[in-house]
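Biologist: I would like to learn how to read a structure. Can you take me through this one, feature by feature?

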Amino acid sequence: MSSHVKLFDEQEIQNRIEELAQEISQSISNDFMILGLLKGSFVFIADLSRALYRVDRHPEIEFMRLSSYGLEKTSAGEVHLLGDCPTDLSGRHVLLVDDIVDTGRSIAYARAILEQREVGQLWICVLLDKPNRREVDVRVDFVGFTIDDVFVAGYGIDYAEKFRELPHIVVVD
Ligand code: 5GP
Ligand code: MG
């Protein structure tokens, strides 16, 4: 049996997202779009986009789907594009949003795709950062929370496709 200890409750997450929206609105151009990485970021983006609305930012929202951990708790190491964003991104200012930056491979992979497509300015926002796990050096502009090397689930983030519906974030042991 695995155990689940609460790491961030619903209110803590909401409070931090309101702050993040302020930080974003104060430091990047008005005409950015959000590009989310599925599936883990869908709940975060639902809340972040509405927090941005409250600070008068109205980004278009698109998604790309990258390969995932599957049923494991550790990454296979290789990233693939499972589903592309159908919109032409050239010249667009993009806020790339993911749930977690861990080794940095997913963000680096997505970033390379976006640079190949000649996007305009590019910023990166993640809800959770695990800096101790970094293998690829990626610049992350906006971080919700910095956490230790633990495996988390909830708030859109799964463990073997479970727990995405939790309104809070737990550590899975
Ligand atoms: P990276 O490519 O930086 O190693 O990993 C990023 C991706 O791995 C995230 O988008 C997320 O999907 C997944 N990931 C990293 N840490 C965790 C975790 O603690 N729990 C879950 N469920 N996924 C994680
Ligand atoms: Mg992911």
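Modeller: Start at ligand 1: a backbone N or O atom of Gly-104 lies 2.7 Å from one of the ligand's oxygen atoms. A polar contact is a pair of N or O atoms within 3.5 Å. This is a predicted model, where local features need pLDDT of at least 70, side-chain atom pairs count only at pLDDT 80 or more, and totals for chains, interfaces and linings use all residues. Residues are numbered from 1 along each chain as its sequence is written, chains are lettered from A and ligands numbered from 1 in the order in which they are written, and side-chain values use heavy atoms, leaving out hydrogens and water.

Biologist: How far is the polar side-chain atom of Thr-103 from an oxygen atom of ligand 1?

Modeller: The distance is 2.5 Å. For Asp-102, a backbone N or O atom lies 2.8 Å from a ligand oxygen.

Biologist: How much of ligand 1 does the protein cover?

Modeller: Accessible area comes from the Shrake-Rupley method with a 1.4 Å probe. On its own, ligand 1 has 500 Å², and the protein covers 91% of that.

Biologist: Which element gives the largest share of the shell around ligand 1?

Modeller: Strands (E, at least two residues) are DSSP runs, numbered from the N terminus. Strand β5 gives the largest share, 4 residues.

Biologist: In what order do the strands form the sheet?

Modeller: Two strands pair if DSSP finds at least two bridges between them. Here 6 strands make an open, mixed sheet, ordered β4-β3-β2-β5-β6-β7. β4 and β7 are at the edges with a single partner strand each, so one side of each lacks a neighbour in the sheet.

Technical notes: A polar contact is a pair of N or O atoms within 3.5 Å; within protein, one must be able to donate a hydrogen and the other to accept it, and residues adjacent in sequence count only if both atoms are side-chain atoms.
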